[in-house]
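Please go through the briefing below with the sequence and the model open side by side. It is arranged by topic, so that each group of points can be checked on the structure in turn.

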Amino acid sequence: MIQWRPFRQVDSEQLRQRRLERALRAAREVPYYQTRLSQLNSWADAPRLPLDHFLSDPAAFYRHSAEKRSPVVKLPVADACRVAVLGAGFEESGPVRVFRYDSPQELAEYGPDAIAGPMDRIRKTALDVRAGRLKLPALERAVVVFTGLRDGMLEPGDRELFWQAFRVPVYEQLQGFHREALATECDAHEGLHVETSNALFELDSEEHLLLTGLACSAYAVVRLVTGFSARVEEGLCGCGWTGPRLLGLRSIA
Ligand SMILES: [Zn+2]
């Protein structure tokens, strides 16, 4: 039985506005926007940020003043299980162990109930398991796959591969540049719930998904053109939660 942590709730308009104002204040601190302050008078009037402006000079969006703790991995499963995170950048806590490097023997000895990690690490692990090169004790709970601008998107066939290798449900987690969760797949597997304290998504007229970062962590972006598209829908999900969800998330870059 997979249980959900109650980390989502419907936000008030007031809370949304406060988060946007805080995000604009954070953006005004970074070099890119310091020469464009007039663009940030209000979020409603802020222009789109082309992806190549960000990727060609991420340092221009870096907030030196921000407190940058390693994020805690968001898990779709209850606490009481052993989770192996494949890849750096996350804090270890209780049942969560971080495997920074590819260490199949240690991973097998740990015997995780769930594994989480960037898409390429999960894909490689799945291919190794399926080909018999890696023997893992059977997972009991879940595979959490990190996607996003750092990691790319799931490709056709990935979910089938992960199922063949691990025989547990797959949960996609879209992450930001500091590995903060931006949107997470739920037990109903009907799209990704937006983590509204970390991200605001909207679609422009060309169906590009725009991201305004609300986590105010390492990088500040306002209306970043992500190179992804999705429908942004509110309403009740099969898991029982309401709030914005990304449906049909795909790369269009
Ligand atoms: Zn749901």
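What follows covers the domains, the nonpolar cores, the strand pairing and a few individual loop residues.

This is a predicted model, in which local features need pLDDT of at least 70 and side-chain atom pairs count only at pLDDT 80 or more, while totals for chains, interfaces and linings use all residues. Residues are numbered from 1 along each chain as its sequence is written. The protein chain is divided into domain 1 (13-68 + 190-251) and domain 2 (83-177), with bounds that come from an automatic or database domain assignment.

**Domains and their contact**

- The centres of domain 1 and domain 2, taken over C-alpha atoms, are separated by 27 Å.
- Across the boundary, 10 residues of domain 1 are in contact with 6 residues of domain 2, where contact requires that the C-beta atoms of the two residues, placed from the backbone, lie within 7 Å.
- The side of domain 1 that touches domain 2 has 5 nonpolar, 4 polar and 1 charged residues; in this classification Ala, Val, Leu, Ile, Met, Phe, Trp, Tyr, Cys and Pro count as nonpolar, Asp, Glu, Lys and Arg as charged, and the others, Gly among them, as polar.

**Nonpolar cores**

- A nonpolar core is a set of buried Ala, Val, Leu, Ile, Met, Phe, Trp, Tyr and Cys residues joined through C-beta atoms within 7 Å, and a residue is buried if 20 or more other C-beta atoms lie within 10 Å of its own, exposed if 12 or fewer, and partly exposed in between, with C-beta atoms placed from the backbone.
- In soluble globular proteins, nonpolar side chains tend to be buried together.
- The largest nonpolar core has 34 residues, and those with the most contacts inside it are Ala183, Ala199, Phe201, Val221 and Leu246.
- Among the elements that give two or more residues to this core are helix H1 (13-28), strand E6 (181-185), strand E8 (199-203) and strand E12 (245-251), helices and strands being DSSP runs (H or I, at least four residues, for helices; E, at least two, for strands) numbered from the N terminus.
- This core draws at least three residues from each of domain 1 and domain 2.
- Apart from it lies another core, of 25 residues, which includes Val73, Val96, Val144 and Val145.
- Leaving aside neighbours within four places in sequence, Val221 is in contact with Leu49, Phe54, Phe61, Leu211, Thr212 and Gly213.

**Strand pairing around E3**

- Strand E3 (residues 114-118) is mostly covered, since 5 of its 5 residues are buried.
- E1 and E3 pair in the parallel sense over 3 bridges, two strands being counted as paired if DSSP finds at least two bridges between them; the bridge partner of Ala84 in E3 is Ile115.
- E3 is also joined by 5 bridges to strand E4 (residues 142-148), with the two running parallel, and the bridge partner of Ala114 in E4 is Ala142.
- E3, helix H5 (residues 119-131) and E4 make a right-handed β-α-β unit, right-handed here meaning that, with the strands pointing away from the viewer, the path from the first strand over the helix to the second runs clockwise.

**The sheet E8-E9-E10**

- An open sheet of 3 strands has the order E8-E9-E10 and antiparallel pairing, and its edge strands are E8 and E10, each of which pairs on one side only.
- E8 and E9 pair in the antiparallel sense over 5 bridges, and Ala199 stands opposite Gly213 in E9.

**Loop residues**

- Arg69 is found in the loop between helix H3 (51-56) and strand E1 (83-86), and Arg69 counts as exposed because it has 9 C-beta neighbours inside 10 Å.
- Arg69 and Thr212 are 143 residues apart in sequence and 20 Å apart in space, C-alpha to C-alpha.
- Arg179, in the loop between strand E5 (170-175) and E6, is buried, with 22 other C-beta atoms within 10 Å, and its phi is near 65°, a positive value in a residue other than glycine.
- His189 lies in the loop between E6 and E7 and counts as partly exposed, with 15 C-beta neighbours inside 10 Å; phi of His189 is near 55°, also a positive value in a residue other than glycine.
- Gly227, found in the loop between E10 and E11, is partly exposed, with 15 other C-beta atoms within 10 Å.
- Not counting residues up to four places away in sequence, Gly227 touches Leu51, Ser251, Ile252 and Ala253.
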